[in-house]
Amino acid sequence: MVWAILSIKVENKPGILFRVTHLFRSRNFNIDSISVGVTEDKKYSRMTITTIGDEKQIIQIVKQLDKMIDTIEVHRLDVNNSVYRELVMFKIKVNKPEDSMEINKLASAYSAKIHDAKKESIIVEMTATPHQISAFEELAKKFGLKEMARTGITALEREEHEH
Amino acid sequence: MSDNNKMETMIGATALMKALEKEGVKEVFGLPGGANLPMYDELGKSNIRHILVRHEQSAAHMADGFGRVSRKPGVCFATSGPGATNLLTGIATAQADSAPMVAVTGQVPVSMIGKDAFQESDIIGMANPALKYSYQPRTPEEIPTMVKQGFYIAETGRPGPVLLDIPKDVQQNEGKFTFPDEVRVPGYHPWTDPDIPNTARAVELLLSAQKPIILAGGGVIISSAFAELQSIAELLMIPVVTTFKGKGAFPENHPLSLGPIGMHGHAEANKLMTEADCVLAIGTRFSDRSVGTFAEFEKNLKIIHMDVDPAEIGKNQTTSVAVVGDVRASLRIFGKMLMDKAVRTSDDNPWLKHVKEVKQYWRENLKIHPGEMGAAKILRKLRELLPHESIVTTEVGQHQMWASLFFDAIHPGTFFSSTGLGTMGWGFPAAIGAKTARPDVPVVDIAGDGSFNMTENSLATAVLEDLPVIVFLINNSSLGMVAQWQRTFYDRRMVGVELNKCPDYVKLAESYGAQGLRAQSMDELDKAIKTALKSDVATVIDIPIDPEEDVLPFVAPGTGLKDMILPS
C-alpha cells in the first residue's frame, strides 16, 4: 500500500467537489484527507486529496479523475519532491498550573502557536507534516486531548532542478 | 467561437427547442408533466416529432436504442421528481454500454430547489455516477451553450448520457440569446493523436505470436471500425472472437469468426481464447462476464489493448501494449503498418488449422435442445427469414444468451443488447428507438416473457406512433435465467420464478391494437415471422418453449473460461 498526494485543478464551480468525492465512493477508493481552495486564477480551484491504495489503484484513480470533465489537470505529486503541510488545532487540557508551561515549551519546539490559553485548556495551532502532527498528538495526549481539528493536506511540488 | 452576434429575445423553452433543432434533433421520446410544461408547449410549436411513452424508463431506452443505431444522441424528455427518477434506469443502462443520449428533465423553479417542493428530486445528485456529464442552468441564457456542450460530450470520445435539468422558471423566463456554433469544454479531451510508437509495438507483438486471436468489443461498433477490423483479420488470418457487446463487430458467418466469448460464449470461442498466446483486444473493457476471472484470463496471454478511454487500460487486465485512441483510427494505422511490411499470413499454419478443427467440431457437436421448438432452432429460423441488414435488440435473460449463441449477427452493427447493466425491459423500447432511426429496415426485439413484462406498455407507442417493430417472444413462462441458476446452484429450490402463463401475449398485443401471433410449431413460426415482416403494425410473436431448457455452455461466475460447463 502506498500513500499518494493528488493535486487536482478544477473549474471553480458549484457541484464539482461532489462529483470528485462521488467518484472516490463509486470506484471504491478511500479519501484519506482533502483540502480545497481557489488558485492564483479565480476561475479554478485546487483540490489536494491524499489517498492510500496499491499502486494499481492509485494509477486507476488518477486516470478516472483525469477522465472527469470538470478536472483541468490531475497530478500525482512526487512525495519526496513536494512541500506538503497540514494545519491542525489541538485543544489540550490544563490539569495543573505547571501544564501550561509544559505545553508552551512543547509548542515552541514544534513551532506551533498558542491561542486561547485558559485555566482549563489551551488551543495550540500548528502547521506541519502528518508525521509531525502525529508525534505532537501523542505528546498532547499525556495532558489530555479535548478536541482536535485538521484541515487535510495541501501541497505543491518543488520546481525541477535546473541543469 | 464564431457566434452569431445577433441577440434574439425569447423564453428559455424556445431557446431549448432551437438549440435541439440546431443539433439536428428530429424526434424526442418523452412524457410531459408539471415541471416541463413550458418545453412541451414549445415542442408543440417546433418541427421536432414527439414520441409519447407510457413510462419514462421506456423514453430513456428508446433514446438509447436510437443513439446506438444512429450514433447520434437520442433525446428523452421527462418531468421533475418521479418523471426524472423513472429515467434513471435508462440513463444507467446507456452509461454502462457507452450509448450517446441527452436526457432533458424539468425541475422545480430555482427558488423552490431545496425546499422539498412537490415533485422535486435532486436528479443531478441521484444520476451523477450514471452520467457522463450534467447541467442545471440557472438562467435561460445558459441553455444554448449547455445543449451544444451536452451533445458534444454525449457523442464524442467514449459516448455516454448527458442530463440537462432545467428549472421551470428558467424554461419560462425571457432572455437574450446567441447560439454558439462551436463550444470548448476545458477539461474534456476526447481525441488523442494516433499513438504511432505503441501501434508499431502492437504490430511487432502480434506478428511474433504463435497463437494470436482478435477480441473485438463494443468499441469497434461505436467507432464503425468494421472494415478496418476485417481487413486486418483477413490479412493476418487471425481468428476473431468478440465480447457479447461486440457481437456484430465482425460478420458471424465469416470463416474466421468464432463468435462471442464469456459466460455464455460459444464453446469454440471460449476454448480457443484460453489457448491463444496473444490477443489484440479492441474497444473492450474486459468485463467479468466476458473474461471470467481476471487473473485466470491473463495467464500465459499477452494483451494488446486498443481503447479510446485511457482509464480502461490496466483497469481489469494487465496489458503488454496499450494503444489509446479512437479504435478505428488506431486500426487504420495498424493496417497501414502491416501493408508497409507487406505481411501476409498463409492459412496453412498449425494454429489456424487447429482453430478450424475446434470450430468445426463444436459447430457439429454442440448438443442442443431436442424439442421442435428448442431455442437454437427457433433462433436459426429467425435468422434464416430475417434480412441481414435488419436490426436486432434483445431483452435480458436466457433468450438474450440464446440469441448470442444461436443468432448470427452478419451485417455490421445490427445487434444491440443491454450488456453492461443487464436491464430487463430494455429491448422493446430500444427496438422502437432503433426503428425511429432506421424506419427502412425490419427491427426485431428478441425477448423473454419476464423482460417483456417490464416495458410491454410501449406497445402503445409502437402502434400509435406507427413504429412496427417485431417482438420475438421466447416464452418459457418464467424468469428463466434465475430459474436456471436455482436449478444449477440452489438444488432446484425454485423461488419467485414462475410466471404462470400470465398474461396472454396475443390478447395483450391485440388490446393495444398490435398484431398478436402464436407459434407452437416450426411451420407456425415460419408463417408468423413472414406475416410480421410484411405487417405495417407492431407484432408480438408468442413462442411457448420448454421452461426447463438451460443456456449452455455456461461459465459459472467466479470461474475461468476454461471451466466452461457444456451440455451433457
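How do the axes of helix α3 and helix α4 of chain B cross, and within what distance do they come? Keep that in mind while you set up the view.

This is a predicted model: local features need pLDDT of at least 70, side-chain atom pairs count only at pLDDT 80 or more, and totals for chains, interfaces and linings use all residues. Residues are numbered from 1 along each chain as its sequence is written, and chains are lettered from A and ligands numbered from 1 in the order in which they are written.

**Stop 1: two helices**

Select residues 56-70 and 82-96 of chain B. These are α3(B) and α4(B); their axes come within 7 Å and cross at roughly 30°. Helices here are DSSP runs (H or I, at least four residues). Axes are lines fitted to C-alpha atoms over the stretch in contact, with angles from 0 to 180 degrees between N-to-C directions.

Now show side chains. Among the residues that meet are H61(B) and D64(B) in α3(B), and L87(B) and I91(B) in α4(B). Contact means C-beta atoms, placed from the backbone, within 7 Å.

**Stop 2: domains of chain B**

Colour 8-177, 196-364 and 368-557 as domains 1, 2 and 3 of chain B. The bounds come from an automatic or database assignment. The centres of domains 2 and 3 of chain B, over C-alpha atoms, are 29 Å apart.

**Stop 3: chain A against chain B**

Show both chains. Chain A gives 15 residues to the contact and chain B gives 13. On chain A, select α1 (16-26), α2 (55-67) and β4 (71-77), which each give two or more residues. The largest share, six residues, comes from α2(A). Strands such as β4 are DSSP runs too (E, at least two residues).

Key: Contact = placed C-beta atoms within 7 Å.
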